[in-house]
Amino acid sequence: MDFVVKERLQWSELNPTDAVPFSDPATSDIKILYNDWPYGIDERIVHLVVWTKFDLPDDPETKELAVAMRQEIDAYVDRTFRKAVPEENVIWFKNWKALKSIHSVEHFHVMMFDPDPAFVEEVTHGDVPLSRKA
């Protein structure tokens with residue numbers, strides 16, 4: 001966890017600065033990076049992870065992402081990704097707790113089919129996944 005927070009996210013602390021999640025597009029409470037452990041999928045699919053300092057609460061009864069947060073994330077994905085990539089080429093998901101490889105920092109995944117590389121570089125601020133740094 002320390003490696004992800006300090007090296008990949010370059011966050012010194014995990015306390016959110018914004019009172020309302022996803023309210024400020026320039027917030028330091030969110031960081032978009034490549035998935036360092038990508039799935040074995042079509043190479044035209046770009047797999048990003050949206051890391052957040054704020055909680056992405058689950059519904060206590062269903063154990064799935066709370067409806068209100070699901071709506072907030074979808075609106076964020078619209079503003080951030082679907083503005084540059086056709087809607088049918090963008091999906092997002094949040095893993096169930098049992099499937100998460102990193103539990104201590106909230107995150108969800110965004111996959112885009114064949115996005116413009118310039119857009120990906122812009123949204124990730126030039127990030128390069130660890131799998132390509134070797």
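The protein chain contains four helices and four strands, where helices (H or I, at least four residues) and strands (E, at least two) are DSSP runs numbered from the N terminus. Along the sequence these elements follow the pattern α-β-β-α-β-β-α-α. The model is predicted, so that local features need pLDDT of at least 70 and side-chain atom pairs count only at pLDDT 80 or more, while totals for chains, interfaces and linings use all residues. Residues are numbered from 1 along each chain as its sequence is written, and side-chain values use heavy atoms, with hydrogens and water left out.

The radius of gyration of the protein chain is 14 Å, which agrees with the value near 14 Å for a compact globule of 134 residues; the radius is taken over C-alpha atoms, and the globule rule is 2.2 Å times the number of residues to the power 0.38. The C-alpha trace spans about 35 × 35 × 30 Å along its principal axes. Of the 134 residues, 41% are buried (under 20% relative accessible area, with exposed meaning over 50% and partly exposed in between; 1.4 Å probe, protein chains only). Contacts are defined by heavy atoms within 4.5 Å. Among contacts between residues at least 6 apart in sequence, 61% join residues at least 24 apart.

The protein chain exposes about 8,100 Å², of which carbon and sulfur atoms supply 53%; accessible areas come from the Shrake-Rupley method with a 1.4 Å probe, and for residues only the protein chains shown count as cover. There are 15 positive and 25 negative side chains, and the centres of the two sets lie 4 Å apart. Lys and Arg count as positive and Asp and Glu as negative, without His and the chain ends, and each charge is placed at NZ of Lys, CZ of Arg, CG of Asp or CD of Glu.

Helix α2 comprises residues 67-82, and its buried residues are Met69, Ile73, Tyr76, Val77, Thr80, Phe81 and Arg82. These cover an arc of only 165° around the axis and therefore lie on the same side of α2, the arc being that of the directions from the helix axis to the C-beta atoms. Exposed residues Val67 and Gln71 are carried on the face turned away from the buried side. The buried residues of α2 pack against β1 (30-34), β2 (45-52), β3 (90-93), β4 (106-113) and α3 (117-123).

Within helix α2, Tyr76 counts as buried at 8% relative accessibility. Not counting residues up to four places away in sequence, Tyr76 touches Phe22, Ile30, Ile32, Val50, Phe81 and Phe108. The C-alpha atoms of Tyr76 and Ser23 are separated by 8.8 Å, although the two residues are 53 residues apart along the chain.
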